[in-house]
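Student: I would like to go through the charged contacts in this protein. Could we look at the structure together?

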Amino acid sequence: QVQLVESGGGLVQAGGSLRLSCAASGSIFSIIAMGWYRQAPGQQRELVAVTTSGGSTNYADSVKGRFTVSRDNAKNTVYLQMNSLKPEDTAVYLCYVAYYRNVIQRKEDWGQGTQVTVSS
């Protein structure tokens, strides 16, 4: 079982910045990818940004140029720097990890989520 500890959410005015962090621990043989999804009330969960162990990144079009995902491989921690925040970024942000539990068993997990609220 993997534990994901998220931090950094909160309330910010439009145009402001926040930094989210998520540390993974537990039964991890190797990590494939880490990143963030978000879910607003009444909306489906959507990808925000993901980074792979190979160093590639993938961003939602709506956050490109404003958000940056990064990772500390030694600490199994992923960060999301969010700049120029907009009210439409308001959502629960969930940490995501894809990993191998052993040499053959691939799994995915999400964190509990951290609330980000952007006021206009």
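Predicted model: local features only at pLDDT ≥ 70, side-chain atom pairs only at ≥ 80, totals over all residues.

Student: How many salt bridges does a search of the whole structure find?

Tutor: The search returns five salt bridges.

Student: Let us take E46. Which residue does E46 form a salt bridge with?

Tutor: The partner of E46 is R38, with 2.7 Å between the closest N and O atoms.

Student: And is R38 buried or exposed?

Tutor: R38 is buried, at a relative accessible area of 7%. E46, by contrast, is partly exposed, at 34%.

Student: Which side chain meets D89 in a salt bridge at 3.0 Å?

Tutor: That is R38, the distance being taken from N to O. R38 belongs to strand 4 (residues 30-39), and D89 sits in the loop between strand 8 (77-82) and strand 9 (91-100), so this pair ties together parts that lie 51 residues apart in sequence.

Student: What about R66 and D89: how far apart are N and O in their salt bridge?

Tutor: The N to O distance there is 2.7 Å. This pair also links distant parts of the chain, since R66 lies in the loop between strand 6 (57-59) and strand 7 (67-72), 23 residues from D89.

Student: Turning to accessibility, what are the values for D89 and R66?

Tutor: D89 has a relative accessible area of 1%, and R66 has 11%. Both count as buried because each value is under 20%.

Student: Which residues do the shared partners join into one network?

Tutor: The network consists of R38, E46, R66 and D89, joined by salt bridges that share partners.

Terms used. Residues numbered from 1 in each chain as written. Heavy atoms only, no water. Salt bridge = Lys/Arg side-chain N within 4 Å of Asp/Glu carboxyl O. Buried < 20%, exposed > 50% of the residue type's maximum accessible area, 1.4 Å probe, protein only. Helix = DSSP H or I, 4+ residues; strand = E, 2+ residues; numbered from the N terminus.
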